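I opened the notebook to record what I looked up in this model, one topic at a time.

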Amino acid sequence: MPSLLMRSKIKQWFKKEKREENVEKGREAIERELKRAGIDAPLWMTDDKLMEACKKFAFNDIDDMLSAVGFGGITAAQIATKLTEKLRKEQEESSITELTSEVKEVKAAEERKPRPTNGVVVKGIDNLLVRFARCCNPVPGDDIIGYITRGRGVSVHRSDCPNIPSGTDDEEAARVIDVEWEHAIEANYSVDIEITGHDRRNFLNEVLQAVSESKTNISAVSGRSDKNKMALVHMTILIRNTDHLQSVVEKIKRVKDVYTVHRIMQ
Ligand SMILES: [Zn+2]
């Protein structure tokens, strides 16, 4: 689709939503986000701090930014994160994430980070929140499409994801837009994989070692085995692109007694 047409389509979408209502919704959402984090909202939502956030996300003024939050073009969490930047810097040093599994306790090589919201561009549109769908966890190299959600910005799926609403409905079709990977973005994307194999001594250890040899960080792992000694390991790994993913999968497949390695779609 030509980008001008797409741009006007999204603008129309924005217009449909009432601006004042969105400004109010946006303000409340940010307050809620701060409260949930146990932060004194009035203290951290001053005009000064809001203006700083405006600059960071390239909005013209505070109302523009709040209404984008209300519409879902950007998340309250993103703004709240910016507002409380200083506070978090002090807290970050003391937090460590511990991950447990039924089979073994594993310490993540890297603390789990929020999913990056950049790395994907919608042609010709600025300030539009792009989210990665949790169902199919796209990584750079995957074919992707965007879907304009109600109140939650653009959701990016792998183009073969079964959760993309299809059908001939005009309204549904109008919500699908072209998106593409931005070049030169170095980021880690969470990918869920499932490994099956014969549960023998050291099976999980060797699988974990294969992952770490491929210089890949694990953010979560869990495993179980049934009475037939069939092991099922579920792992969330941090991946740069499809080539990287492919190399990890190959490495795991080479572990003795591994039957299958799959990337999971929910
Ligand atoms: Zn999906």
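The entries below go from the whole chain to a sheet with its helices, then to a pair of strands and a helix elsewhere.

**Entry 1, the chain.** I note first that this is a predicted model. I counted the secondary structure of the protein chain and found 10 helices and 10 strands. Of the 266 residues in the chain, 30% are buried. I also looked at contacts between residues at least 6 apart in sequence, and 70% of these join residues at least 24 apart.

**Entry 2, an open sheet.** I followed the strand order of a sheet and wrote down E8-E9-E7-E10, 4 strands that form an open sheet with antiparallel pairing. Its edges are strand E8 (218-225) and strand E10 (258-263), each of which pairs on one side only. On average, and with direction ignored, neighbouring strands of this sheet are turned by 15° against each other. I then looked at the pairing of strand E7 (residues 189-198) with E10, which is antiparallel and runs over 5 bridges. Within that pairing I picked out Ile193, whose bridge partner in E10 is Arg263.

I then checked how the two helices meet: the axes of H9 and H10 come within 9 Å and cross at roughly 145°, and the crossing is right-handed. On the H9 side the contact is made by Val207, Ala210, Val211 and Glu213, and on the H10 side by Val248, Lys251 and Ile252. Sorted by class, the contact of H9 with H10 has 5 nonpolar, no polar and 2 charged residues.

Val261 counts as buried because 21 C-beta neighbours lie inside 10 Å, where 20 or more are needed. Leaving aside neighbours within four places in sequence, I found Val261 in contact with Ile193, Ile195, Val249, Ile252 and Lys253. Between Val261 and Glu194, which are 67 residues apart along the chain, the C-alpha atoms are separated by 5.8 Å.

I looked up Asn202 in the loop between E7 and H9, and its phi is near 70°, a positive value in a residue other than glycine. Asn202 counts as exposed, with 11 C-beta neighbours inside 10 Å. In the loop between H10 and E10 I looked up Asp257, a residue other than glycine with a positive phi near 75°. Asp257 is partly exposed, with 15 other C-beta atoms within 10 Å.

Strand E3 (residues 144-148) runs antiparallel to strand E4 (residues 154-158), and 5 bridges join them. I noted that Ile145 stands opposite His157 in E4. E3 is also joined by 2 bridges to strand E5 (residues 176-177), again antiparallel, and there the bridge partner of Gly146 in E5 is Ile177.

Which residues of H4 are buried? I listed Leu50, Ala53 and Cys54. Seen down the axis of H4, these buried residues fall within an arc of 105°, so they line one face of the helix. The face of H4 turned away from the buried side carries the exposed residues Asp48 and Lys55. What covers the buried residues of H4 includes helix H5 (62-71) and H6. After H4 comes Ala58, whose phi is positive, near 60°.

Helix H4 (residues 47-56) and helix H6 (residues 76-83) pack at an angle of about 115°, and their axes are 9 Å apart. I recorded this crossing as right-handed. Lys49, Glu52, Ala53 and Lys56 in H4 meet Ile79, Lys82 and Leu83 in H6. The residues of this contact divide into 3 nonpolar, no polar and 4 charged.

Methods: Residues numbered from 1 in each chain as written. Predicted model: local features only at pLDDT ≥ 70, side-chain atom pairs only at ≥ 80, totals over all residues. Axes fitted to C-alpha atoms, helices over the stretch in contact; angles between N-to-C directions. Left-handed = near helix turned anticlockwise from the far one by under 90°. Contact = placed C-beta atoms within 7 Å. Nonpolar A, V, L, I, M, F, W, Y, C, P; charged D, E, K, R; others polar. Buried ≥ 20, exposed ≤ 12 C-beta atoms within 10 Å, placed from the backbone. Pairing = 2+ DSSP bridges. Arc of directions from axis to C-beta.
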